[in-house]
Amino acid sequence: MADDPNVATYRIENGIAWVSFNRPDKRNCMSPNLNRRMGEILDEIEHRDDFGVLVLKGEGSAWSAGMDLKEYFRDTEALGLGATRKAQRESYGWWRRLRWYQKPTIAMVNGWCFGGGYGPLYACDLAIAADEAQFALSEINWGILPGGGATKVVVDLMPMRDAMYHAMTGELIDGKKAAEWRLVNESVPLADLETRVTQLANVLLEKNPVALKATKDAIRRVKEMTYDNAEDYLVRAQEAANSYDNDGRKEGIKQFIDDKTYKPGLGVYDRTKQVKG
Ligand code: ACO
């Protein structure tokens, strides 16, 4: 159990779970306590049916200032290797949970995003930043390499030269540059950020949730597969998805071909008309 449950919080409203880093006075840096609480929240809410999209945001001026240099590194190291490994398990653990989360996830990057923050940033399926947000792999500035997966994150998301520059200089980039370098999908003025994220979440809420989970997992899985392996995986992933929802795609075809009520190229079928069989 987390000692202080308020270091991360959530509220569920209109189908969206707004999960917050909530240590604004510490710029939402990730302590072992925060990592534990995030893990608990993800566990608690994952299969609730009153939300369909999770948004990860930060309270105050930061999204997350990375790992807590005092509580995650110095204090934990002082307790020995066991404590270090435990702290790593807890942080990497909730990021991994998030990467494979049942519901689609959006990082709403409202402010500072440093180092270890790239773990949960990458874990979210989509990311929208404020133009005013500031990102950096600042590890090099205090004398370490970007660990905790951060190096892998930038190499996966960014072109090689940009990743190298970003990791070696530790320079800040704003939300616009982060979008240009593909760390995030797009950036918008901070004043419009929540509106844009809500709009995107609402687009996802209209889609078939079984198909969304299959799709987000497939995008991550096939990246490391050969074409033939991916082809085979995708057949099997769809057939597995059919075992959870065997009617959605049939309804999608029916509403287009028979009812002529929508065109899949231009919009989404009406799931409220789906009869379970
Ligand atoms: N670890 C521990 N404490 C932190 C961290 C952090 N990562 N980030 C902020 N804090 C604390 C500060 O020590 C300060 O604590 P205090 O009020 O007890 O003195 C408080 O949060 C507020 O921070 P300020 O520096 O006063 O806030 P400011 O708005 O001026 O600056 C900024 C914000 C730029 C984010 C600055 O706090 C900073 O550089 N933080 C460290 C960012 C970083 O490099 N993170 C590590 C990345 S590497 C990794 O994660 C592995």
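Predicted model: local features only at pLDDT ≥ 70, side-chain atom pairs only at ≥ 80, totals over all residues.
Tutor: Local features here need pLDDT of at least 70 and side-chain atom pairs pLDDT 80 or more, while totals for chains, interfaces and linings use all residues. Residues are numbered from 1 along each chain as its sequence is written, and side-chain values use heavy atoms, with hydrogens and water left out.

Student: What makes a space a pocket, and what is the volume of the largest pocket?

Tutor: On a 1 Å grid over the protein atoms alone, a pocket is an open set of points with protein on both sides within 12 Å along at least five of seven lines, whereas in a cavity a 1.4 Å probe fits but cannot get out. The volume is the space filled by probe spheres set on the points, which are joined across faces, edges and corners. For the largest pocket that comes to about 900 Å³.

Student: Which residues line the largest pocket closest to its centre?

Tutor: Lining residues have an atom within 4 Å of a point. There are 32 of them, and the closest to the centre are Arg-99, Tyr-122, Cys-124, Leu-157 and Arg-220. By type, the lining holds 16 nonpolar, five polar and eleven charged residues. Asp, Glu, Lys and Arg count as charged, Ala, Val, Leu, Ile, Met, Phe, Trp, Tyr, Cys and Pro as nonpolar, and the others, Gly among them, as polar.

Student: Why is the largest pocket said to lie between domain 1 and domain 2?

Tutor: Domain 1 (5-205) and domain 2 (209-266) both give residues to its lining, so the pocket lies between them. The domain bounds come from an automatic or database domain assignment.

Student: What is the volume of the second largest pocket, and which residues are closest to its centre?

Tutor: Its volume is about 580 Å³. Of its 23 lining residues, Gln-102, Pro-209, Val-210, Lys-213 and Tyr-244 are the closest to its centre. Domain 1 and domain 2 each supply at least three residues of this lining.

Student: Why is Arg-48 called partly exposed?

Tutor: Buried means under 20% relative accessible area and exposed over 50%, with partly exposed in between (1.4 Å probe, protein chains only). Arg-48 has 32%, so Arg-48 is partly exposed.

Student: Which residues does Arg-48 touch, leaving out those up to four places away in sequence?

Tutor: Arg-48 touches Tyr-10, Ile-12 and Lys-103, where contact means heavy atoms within 4.5 Å. Arg-48 and Lys-103 are 55 residues apart in sequence, yet their C-alpha atoms are 10.0 Å apart in space.
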